[in-house]
Amino acid sequence: MALSPEVQAQLEEQKKHCVFCKIIAGEMKSFPIYKDAVMTGMLDINPAVKGHALFMPLEHYPILSFLPPETFAHLFGKLPTLVKSLKTAMVVPGATAFIANGGAAGQQSPHFLMHLFPRERWDGLSLSGGKGQKTDLSGFWKSLNAVMTEHFSRNPGGSVKTSETYEDDLVQGSAPDNPWGKGHVVLSIPGKEFDQLDENASRRLFTVASYASSILFESLQAHGTNLILHTGESEDNDSGFRLHLLPRWQDDGLLLSWKPLAQKPDLEAIKSKLRDEFFVVEHTPPPIKRKEEDTGDKLKKILEKQSPDSEIERAISEARK
Ligand SMILES: [Zn+2]
């Protein structure tokens, strides 16, 4: 992404103080469980559940939309295997992946990262939000359909079906009957478990998710966004998987956070258990670089009105009304 000199300078300043950049540079101690050419994984030192892990790009990016296409494709292509390995190592039926974009969404580190929680019933963790009002999202769905149609015209490999909400040949999106908050949207791939998805399916899911959360953010003028994937059985999910997209506002009162376990588990022991399991993932060859699954850049351009005549521009401005 082409950044202005001011933003570039801010980023450089942020990097200097970033704990995770220091850990990645080997200047601070951590409990590493995974590393490849693009990303690294480590235990959260204040875990909410046993096996609570953090995965992040080696490079410093502040939020999801800053990730270059290759990094995005790598991270989300690997995610199903990481989830599977985490479940196997911790012997649990479910997992949650949690992404926060912005302080209002609970982002605490300036380095983009993803929390991975092993999940099971009665684990004391609840990441399901509260009770929200239904929002009229017709403008949003229109924009998402337009943006994804445009995406598939540039990047063949999928197609958008005509729908009141969102449906392509793989991913479905809808607003839940009981939304957690304003603008809550759920994406899924019917009949599939998340850890059975291949790399391309997972990338597609997160490509739609990334566009959708940017459009929600823009059209509802939110302060941040959460992407929360619940897969398998837990307090927050019965079966299958759901990827929840949630625009967030400062003081919106949603309880989407966690407390560290009162008694810190043996992190060294968990580290070696996870390392054994992740070793295989780590040493599978990296995916072929795919240019097509771009997300942030193109959408930013669209949102920055660089194509004022296009259908998309019109759809986006309609969504803002
Ligand atoms: Zn950093």
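## Exposure and the model

A residue counts as exposed when its relative accessible area is over 50%, as buried when that area is under 20%, and as partly exposed in between. Q196, at 54% relative accessibility, therefore counts as exposed. The structure described here is a predicted model, and the words buried and exposed are used throughout in the sense just given.

For comparison, the ideal angle for four tetrahedral donors at a metal is 109.5 degrees.

C18 has a relative accessibility of 1% and so counts as buried, and H60 is buried as well. C21, with a relative accessibility of 17%, also counts as buried, because the limit for that class is under 20%.

## How the helices pack

Two packed helices are described by the angle between their axes and the distance between the axes. Helix 4, which covers residues 138-154, packs with helix 5, which covers residues 199-219, at an angle of about 135°, and their axes are 10 Å apart. That angle makes helix 4 oblique to helix 5, and the crossing of the two is right-handed.

Helix 5 also packs with helix 3, in this case at an angle of about 120° and with the axes 8 Å apart. Helix 3 and helix 5 are therefore oblique to each other, and their crossing is right-handed.

Q196, the exposed residue of the opening paragraph, is found in the loop between strand 8 (185-188) and helix 5. The C-alpha atom of Q196 is separated by 8.3 Å from that of K84, although the two residues are 112 residues apart along the chain.

K161 lies in the loop between helix 4 and strand 6 (166-167), and its relative accessibility of 39% means that K161 counts as partly exposed. Between the C-alpha atoms of K161 and N145 the separation is 8.5 Å, while along the chain these residues are 16 residues apart.

Where is W122 found? W122 sits in the loop between strand 5 (114-119) and helix 4, and its phi is near 60°, a positive value in a residue other than glycine. W122 is exposed, with a relative accessible area of 73%.

D251 likewise is not a glycine, yet has a positive phi of about 55°. D251 is placed in the loop between strand 10 (241-248) and helix 6 (267-282), and at 78% relative accessibility D251 counts as exposed.

Technical notes
Residues are numbered from 1 along each chain as its sequence is written. This is a predicted model: local features need pLDDT of at least 70, side-chain atom pairs count only at pLDDT 80 or more; totals for chains, interfaces and linings use all residues. Side-chain values use heavy atoms; hydrogens and water are left out. Buried means under 20% relative accessible area, exposed over 50%, partly exposed in between (1.4 Å probe, protein chains only). Axes are lines fitted to C-alpha atoms, for helices over the stretch in contact, and angles run from 0 to 180 degrees between N-to-C directions. Helices (H or I, at least four residues) and strands (E, at least two) are DSSP runs, numbered from the N terminus. Angles under 35 degrees count as roughly parallel, over 145 as roughly antiparallel, 65 to 115 as roughly perpendicular and the rest as oblique. A crossing is left-handed if the near helix is turned anticlockwise from the far one by less than a right angle, and right-handed if clockwise.
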